[in-house]
Amino acid sequence: MGNGTSIGKVRGLGSAHEGPHHWLVQRFTAIGNLVLMLWLLGSFLLLPDLGYGTLASYFAKPVPAVAMILLVLSLFWHARIGLQVLIEDYVHTPGNKFAALALLNLATIGGGAFGIFCVARLALSGGAA
Amino acid sequence: MSNRPLSPHLSIWKWGPHMLVSILHRVTGDGMALAGLAILLWWLGALASGPAAYDSFTGWMWADIGALQWSGIDILWSLLKVLLKIVMIGLSWAFFTHMLSGLRHFVLDIGAGYELDTNRLWSIASPVIAVILTAGFWALLLLR
């Protein structure tokens with residue numbers, strides 16, 4: 001740290017290299033969403049029907065179960081960052097912004113956990129829930 | 001905040017397709033995040049809960065139009081079920097629209113596609129291709 005002048009306060013600290021973190025994660029999860037959503041929609045088209053029995057036994061298989069869990073993770077992560085941008089753009093009152101972001105974290109982490117648990121239950125109960 | 005200087009040209013602009021595709025990207029993305037993920041969780045929760053819960057889910061979200069009742073209080077529920085069916089189709093449109101404008105973002109991210117004509121072309125093409133993909137998806141799903 002320097003001697004208190006403007007340049008002195010930041011000299012030597014360098015770039016944190018974390019500025020584009022959200023931007024990059026938004027892209028990484030977008031790629032995950034793209035690949036896995038196309039897999040899910042393709043599965044809908046290729047499965048004989050979308051009834052309970054067909055879907056429950058489909059998600060009981062290891063690969064579809066893991067793909068579905070990863071899709072839930074990628075979707076909720078992507079949605080969390082996207083909705084955060086929405087809140088930061090339109091909610092300017094500091095207290096309201098904090099509350100909205102706190103609610104967003106609760107909803108996306110809670111929702112994602114619920115989704116992953118549901119797929120795990122389907123997979124581990126062998127499609128006979 | 002209110003005393004901060006504003007750009008002198010903020011109020012001078014006219015509509016272009018790039019604005020539409022940008023707004024569509026946000027609306028479809030946040031719409032899917034709020035409505036789509038809730039329905040996804042209901043779907044997964046119903047699947048994990050068993051056949052009765054799954055029947056309840058499909059009964060609401062993808063009702064048999066021919067079997068709807070149109071008398072008394074049932075009119076209200078039937079209207080809701082028709083609306084939910086439109087929501088499901090709307091979500092698929094939102095997905096393809098967000099996917100196409102998202103792919104456009106990837107191209108813009110690498111620094112390509114900013115020439116005026118190219119930018120205009122793909123701003124118009126993205127939402128149009130999305131509508132075609134939405135129609136194609138439902139055609140394949142319902143006519144298989």
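A residue counts as buried if 20 or more other C-beta atoms lie within 10 Å of its own, as exposed if 12 or fewer do, and as partly exposed in between. Keep that in mind for the close-ups below, which all come from a predicted model.

**Figure 1. Leu34(A), a partly exposed residue in helix H2 of chain A.** Leu34(A) belongs to helix H2 of chain A. Inside 10 Å it has 15 C-beta neighbours, so Leu34(A) counts as partly exposed. Now look for Gly8(A): it is 26 residues from Leu34(A) in sequence, and the two C-alpha atoms are 45 Å apart in space.

**Figure 2. Trp13(B), an exposed residue in the segment before H1 of chain B.** This view shows Trp13(B), found ahead of H1 in chain B. Trp13(B) has 8 C-beta neighbours inside 10 Å and therefore counts as exposed. Asp30(B) lies 17 residues away from Trp13(B) in sequence, with 25 Å between their C-alpha atoms.

**Figure 3. Helix H3 of chain B, from its span to its cover.** H3(B) covers residues 74-109. Several residues of H3(B) are buried, among them Lys81(B), Ala94(B), Phe95(B), His98(B), Met99(B) and Gly102(B). Their cover includes helix H2 (21-46) of chain A, along with helix H1 (17-49), helix H2 (51-61) and H4 of chain B. After H3(B) comes Gly111(B), with a positive phi near 90 degrees.

**Figure 4. Where H1(B) crosses H3(B).** Here the two helix axes come within 8 Å and cross at roughly 130 degrees. H1(B) and H3(B) are therefore oblique to each other, and the crossing is left-handed. On the H1(B) side, the meeting residues include Val21(B), Leu24(B), His25(B), Thr28(B), Gly29(B) and Met32(B). On the H3(B) side, look for Val87(B), Leu91(B), Ala94(B), Phe95(B) and His98(B), among others. By class, this contact has 8 nonpolar, 8 polar and 1 charged residues.

**Figure 5. Where H3(B) crosses H4(B).** Helix H4 of chain B takes in residues 116-143, and its axis comes within 8 Å of that of H3(B), crossing at roughly 140 degrees. From H3(B), the contact includes Ile89(B), Trp93(B), Phe96(B), Leu100(B) and Arg104(B). From H4(B), residues including Trp122(B), Pro127(B), Ile129(B), Leu133(B), Phe137(B) and Trp138(B) meet them. The residues of this contact divide into 12 nonpolar, 5 polar and 1 charged.

**Figure 6. Chain A meets chain B.** To finish, this view turns to the contact of the two chains. Chain A brings 24 residues to the contact, and chain B brings 20 residues. On the chain A side, the elements giving two or more residues are H2, helix H3 (52-58), helix H4 (62-90) and helix H5 (94-124). Which of these gives the largest share of the side of chain A that touches chain B? That is H5(A), with 7 residues. By class, the chain A side has 20 nonpolar, 3 polar and 1 charged residues.

Methods: Residues are numbered from 1 along each chain as its sequence is written. Chains are lettered from A and ligands numbered from 1 in the order in which they are written. This is a predicted model: local features need pLDDT of at least 70, side-chain atom pairs count only at pLDDT 80 or more; totals for chains, interfaces and linings use all residues. Axes are lines fitted to C-alpha atoms, for helices over the stretch in contact, and angles run from 0 to 180 degrees between N-to-C directions. Helices (H or I, at least four residues) and strands (E, at least two) are DSSP runs, numbered from the N terminus. Two residues are in contact if their C-beta atoms, placed from the backbone, lie within 7 Å. Ala, Val, Leu, Ile, Met, Phe, Trp, Tyr, Cys and Pro count as nonpolar, Asp, Glu, Lys and Arg as charged, and the others, Gly among them, as polar. The expected span of a helix is 1.5 Å times one less than its number of residues. Angles under 35 degrees count as roughly parallel, over 145 as roughly antiparallel, 65 to 115 as roughly perpendicular and the rest as oblique. A crossing is left-handed if the near helix is turned anticlockwise from the far one by less than a right angle, and right-handed if clockwise.
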